[in-house]
Amino acid sequence: MNVSPDEAEEALAAIQSVTQKTRRSIASSGAHIYLIITGAVWLVGFLSTQFLPGEITIAVWIGVSLLGSALAVLLGNRMGRRVRSPFAAAYAMRIGLFWLLLVLYAVAVIAVARPTDGKQVTMLVILFTMIGQLSMGLLLTFSATWWALPITALALAGYFLLPDLFYLWMAILVGGGMIALGLYIRWRW
Amino acid sequence: MAELNETIHQPVRLRVMAALVALEAGNEVDFTYLRNLLEVTDGNLGAHLRKLEEAGYIAVNKTFVERKPRTFVAATAEGRQVFQEHVAALESIVKRK
């Protein structure tokens, strides 16, 4: 079989293009959905925490969290059908158990630490959520890992540098940032 | 020295293998997803998949998901090996340029 250097170069370029397209497509297929949904939940929830009375805030958080979870499961399932991973299927039970235990540990830490205000509770919940996200990313696919780090850094920056505007910071910069990042991954990546 | 593989070198099959090898080992991809990714027709993709399956480079798994027939495709270990050798052969040709 004879292939000229130019043909070989073209074939390698085609391989590189498809490889990149596949990896990006798979990497972004789940990430952008979860980023946009989580970002929208945080945007609405934290804006309500900043500006609305406590009783209404709780109702808003419950409403948007339930809606967000239902949407994430529905859309995530649909996207996840594109690629089947024997690893993920075999470990689905352990992944579920990991998140359940992480929630229980978060509750235990909050009970022991007895945070004095809502900002501390919020920050602890965010830290545990991001630990879970990082763990999933590191164990299942590296592509889902990186965005948990800047979100954690932004949340910590808001907590320590702008305590009075913490919820507004979380809503606009972190919630809005997640939506923007999700849209960027969807349309440009 | 790595050798070129005639079955894989065909442009559509080359792109199919590139897409499947990009997945983690053992993962399989939906036929419709692969068709959209590579921007080819059902018939064209089906014909090339058959050739690759006959050569033992891919595994085709026909199954039912929620009562609907679905086809999943994955690169076999042999397919991955042959593809890597083909890429190495192409690289050595380019280096000689």
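Me: In chain B, what percentage of contacts between residues at least 6 apart in sequence join residues at least 24 apart?
Reply: The share is 56%. Two residues are in contact if their C-beta atoms, placed from the backbone, lie within 7 Å. The model is predicted: local features need pLDDT of at least 70 and side-chain atom pairs count only at pLDDT 80 or more, while totals for chains, interfaces and linings use all residues. Residues are numbered from 1 along each chain as its sequence is written, and chains are lettered from A and ligands numbered from 1 in the order in which they are written.

Me: How many helices and strands does chain B have?
Reply: Chain B has five helices and three strands, and along the sequence they follow the pattern α-α-β-α-α-β-β-α. Helices (H or I, at least four residues) and strands (E, at least two) are DSSP runs, numbered from the N terminus.

Me: And how much of chain B counts as buried?
Reply: Of its 97 residues, 34% count as buried. A residue is buried if 20 or more other C-beta atoms lie within 10 Å of its own, exposed if 12 or fewer, and partly exposed in between, with C-beta atoms placed from the backbone.

Me: Which residues of α5(B) are buried?
Reply: They are B:Gly79, B:Val82, B:Phe83, B:His86, B:Val87, B:Leu90 and B:Ile93. Seen down the axis of α5(B), these buried residues fall within an arc of 140°, so they line one face of the helix. The arc is that of the directions from the helix axis to the C-beta atoms.

Me: What is exposed on the other side of α5(B)?
Reply: B:Ala77, B:Gln81, B:Gln84 and B:Lys95 are exposed there.

Me: Switching to chain A, where is A:Phe46?
Reply: A:Phe46 belongs to helix α1 (residues 5-51) of chain A.

Me: Why does A:Phe46 count as buried?
Reply: A:Phe46 counts as buried because it has 25 C-beta neighbours inside 10 Å.

Me: Which residues does A:Phe46 touch, not counting those up to four places away in sequence?
Reply: A:Phe46 touches A:Tyr167, A:Met170, A:Ala171 and A:Gly175.

Me: How many residues does each chain bring to the contact?
Reply: Chain A brings 22 residues and chain B brings 27 residues. On the side of chain A that touches chain B, the largest share, 13 residues, comes from α1(A).
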